[in-house]
Amino acid sequence: MSEHDSTVGTASGEPSAETPLVWDHLAEVRGRLRQAEGLLFGTDFDGTLSPIEENPEAPEPTAENLRSLRTLQDHPQVRPAVISGRGLADLRERVGIEGVDYIGNHGLELGIDGQRETHADAASAEPKIAEICGTLGRQLDDIEGTVVENKGVTATIHYRMVDREQVETVREHVFEAVDELGDGEVEIHDGKESLELRPAADWDKGSAIAQLQEHVDGWQPVYIGDDTTDEAAFEAITPNGITVHVGDNHETAADYRVRSSAEAEVFIRWLVTDGLALLETVDDNVSAT
Ligand SMILES: O=P(O)(O)OC[C@H]1O[C@H](O[C@H]2O[C@H](CO)[C@@H](O)[C@H](O)[C@H]2O)[C@H](O)[C@@H](O)[C@@H]1O
């Protein structure tokens, strides 16, 4: 195995190209919603609320997704959460809707009920991540298009905008820097045209959505996302959850898929226009704890 095969993978399940399209199974989804007193709606950010962009600084949620999220947030029987690999502060700023739960850094930074909690092991790895980012920033400075995104407890080294002939060099630098400076505490995961650096810690997007479920016992969980890191969330809410993978290019544990972030937008809108009306009617004073 070459060093570049040694990234830690998280995808699981069946090839997503064989996963059924959610559009062909809306009757099942409707059935689940009809039996639910409320909805825990979890969504990924990049590639789901926002289309993938060349520049990692550019993404914003689409206007339609923002409208949908606001409506979900305003509904007394819905608890919406955005769960991303981005840093918590960055994520909050990009979405900007009060009252939504935000989870950053792939589940290591929790922003539930407006609070902030960081996994202790992840927090202690922060200086190491900073040192690796500093070193890589200098080493990769002359490779045009490289972006070193230091997110505090994790980092992403982007090469989407790098000349294809130089991508391998970027990856080699990352593996060397982590090997030299990570003291065995920093893992490398493959991202989309990027390498994600994370401390080994037992919180992920799955533990995040599981924690949110404790606030809304019995509510129907729904999770939608496009990346390998979203697999942990799919697994955490299986078999009771409604799980939707965005795309068709890796293995997924999700029950359903949509083909693109444009279709993800349509599905989220469908939840608002059709799904909310199906939720069981409950007393006006029902609320999450
Ligand atoms: O969990 P997510 O919300 O999907 O975040 C995963 C990473 O997304 C961002 O990088 C990716 O999206 C960029 C913008 O579309 C794209 O340019 C890049 O190639 C992708 O890797 C973000 O910058 C990372 O911090 C997130 O971890």
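Aspartate 113 sits in the loop between strand E5 and strand E6 (117–118), where helices (H or I, at least four residues) and strands (E, at least two) are DSSP runs, numbered from the N terminus. Although aspartate 113 is not a glycine, its phi is positive, at about 55°, and its relative accessible area of 45% makes the residue partly exposed; buried means under 20% relative accessible area, exposed over 50%, and partly exposed in between, with a 1.4 Å probe and protein chains only. The model is a predicted one, in which local features need pLDDT of at least 70 and side-chain atom pairs count only at pLDDT 80 or more, while totals for chains, interfaces and linings use all residues. Residues are numbered from 1 along each chain as its sequence is written, and side-chain values use heavy atoms, with hydrogens and water left out.

A positive phi also occurs at histidine 106, a residue other than glycine, where the value is near 60°. Histidine 106 belongs to the loop between strand E4 (101–104) and strand E5 (109–111), and with a relative accessibility of 4% it counts as buried. Another backbone feature is the peptide bond from threonine 238 to proline 239, which is cis, with omega near 10°; proline 239 is placed in the loop between helix H7 (231–237) and strand E12 (242–246).

Turning to charged side chains, the structure holds 19 salt bridges, a salt bridge being a side-chain nitrogen of Lys or Arg within 4 Å of a carboxyl oxygen of Asp or Glu. One of them joins aspartate 46 and arginine 86, with 2.7 Å from N to O. Aspartate 46 lies in the loop between strand E2 (39–43) and helix H2 (63–74), and arginine 86 in the loop between strand E3 (78–83) and helix H3 (88–95), so this pair ties together parts that are 40 residues apart in sequence. Arginine 86 is buried, at a relative accessible area of 5%.

Because arginine 67 and glutamate 64 are three residues apart in helix H2, about one helical turn separates them. Arginine 67 is partly exposed, with a relative accessible area of 45%, and glutamate 64 is partly exposed as well, at 22%.

In a further salt bridge, the side chains of glutamate 109 and arginine 116 meet at 2.7 Å, N to O. Here glutamate 109 is buried, with a relative accessible area of 6%, whereas arginine 116 is exposed, at 55%. Elsewhere, salt bridges that share partners join Asp46, Glu57, Arg86, Asp90, Arg94 and Glu149 into one network.

The helices complete the picture. Helix H4 (residues 120–139) packs with helix H5 (residues 167–181) at an angle of about 140°, the axes being 10 Å apart. That angle makes H4 oblique to H5, since angles under 35 degrees count as roughly parallel, over 145 as roughly antiparallel, 65 to 115 as roughly perpendicular and the rest as oblique. Axes here are lines fitted to C-alpha atoms, for helices over the stretch in contact, and angles run from 0 to 180 degrees between N-to-C directions.

Helix H8 (residues 261–278) has 18 residues, which at 1.5 Å a residue should span 26 Å, and its end C-alpha atoms agree with this at 24 Å apart; the expected span is 1.5 Å times one less than the number of residues. Among the buried residues of H8 are Phe267, Trp270 and Val272.
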